[in-house]
Amino acid sequence: MRLFVAIPLSEDMKKTVTGTMHDLKQKGVRGNYVPARNLHLTLAFLGETDSPGAVKEALSALSFRPFRLSFSDMGTFGDLLWVGVKGNQGLSAAAKAVREALDQAGIGYDRKKFSPHVTIVRRAAGNWKQVPAPKGDMTVTHLSLMKTTFQDGKPVYSEVCRIGS
């Protein structure tokens, strides 16, 4: 099972991002746009794992406090276009707590430095800088352990369990 721990976006935040994605398309930015239902902020990518129960158990011990999340800018990692998220203590604490819980349980995950963002276009091509970054904020009320399945070759993300309220 392919797993990751994420912050799901609120419906209002998804609408804001999809509006920006529409503007990007109108300006001729090409690529593989992330479907609105798949928009999220990854805290830890675990990849393929044979023991989802161990992951759930490790995360169930987390103490979670709601915090605010807001968009900041847009940028790229190579040809991956993303919307940036303002760093704050709540977000940093959540990412650190998730990674520490996984470490303590001996569960492997991608150890890249945490860089808070929401991926919006893969294999992006075109001048995305002519479109302003979306504005919006939300209260993060929970984290989600998510799994990836594929339908017609496209990823579909679904929640395995919630951490927090």
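Begin by selecting Ile-120 in this predicted model, and show what surrounds it: beyond its neighbours within four places in sequence, Ile-120 is in contact with Val-17, Met-21, Leu-24, Asn-32, Tyr-33, Val-34, Leu-39, Met-74, Leu-81, Trp-82 and Val-83. Widening the selection to the largest nonpolar core brings up 49 residues, among which Ile-120, together with Ile-7 and Leu-43, touches the most other members.

Coloured by class, the lining of the largest pocket shows 13 nonpolar, nine polar and eight charged residues.

The second largest pocket, with a volume of about 150 Å³, can be found by selecting Pro-8, Lys-14, Arg-37, Ser-144 and Met-146, which lie nearest its centre among 16 lining residues. Here strand 1, strand 8 and strand 9 each give two or more residues, and strand 1 supplies the largest share, four residues.

Finish at Met-1, in the segment before strand 1 (2-8), where a relative accessible area of 39% makes Met-1 partly exposed. Although 48 residues separate Met-1 from Thr-49 in sequence, their C-alpha atoms are 5.4 Å apart in space, and the contacts of Met-1 beyond four places in sequence are Gly-47, Glu-48, Thr-49, Pro-52 and Lys-147.

Key
Residues are numbered from 1 along each chain as its sequence is written. This is a predicted model: local features need pLDDT of at least 70, side-chain atom pairs count only at pLDDT 80 or more; totals for chains, interfaces and linings use all residues. Side-chain values use heavy atoms; hydrogens and water are left out. A nonpolar core is a set of buried Ala, Val, Leu, Ile, Met, Phe, Trp, Tyr and Cys residues joined through side-chain atoms within 4.5 Å. Buried means under 20% relative accessible area, exposed over 50%, partly exposed in between (1.4 Å probe, protein chains only). Contact means heavy atoms within 4.5 Å. Ala, Val, Leu, Ile, Met, Phe, Trp, Tyr, Cys and Pro count as nonpolar, Asp, Glu, Lys and Arg as charged, and the others, Gly among them, as polar. On a 1 Å grid over the protein atoms alone, a cavity is a set of points where a 1.4 Å probe fits but cannot get out, and a pocket is an open set with protein on both sides within 12 Å along at least five of seven lines; lining residues have an atom within 4 Å of a point. Grid points are joined across faces, edges and corners, and a volume is the space filled by probe spheres set on the points.
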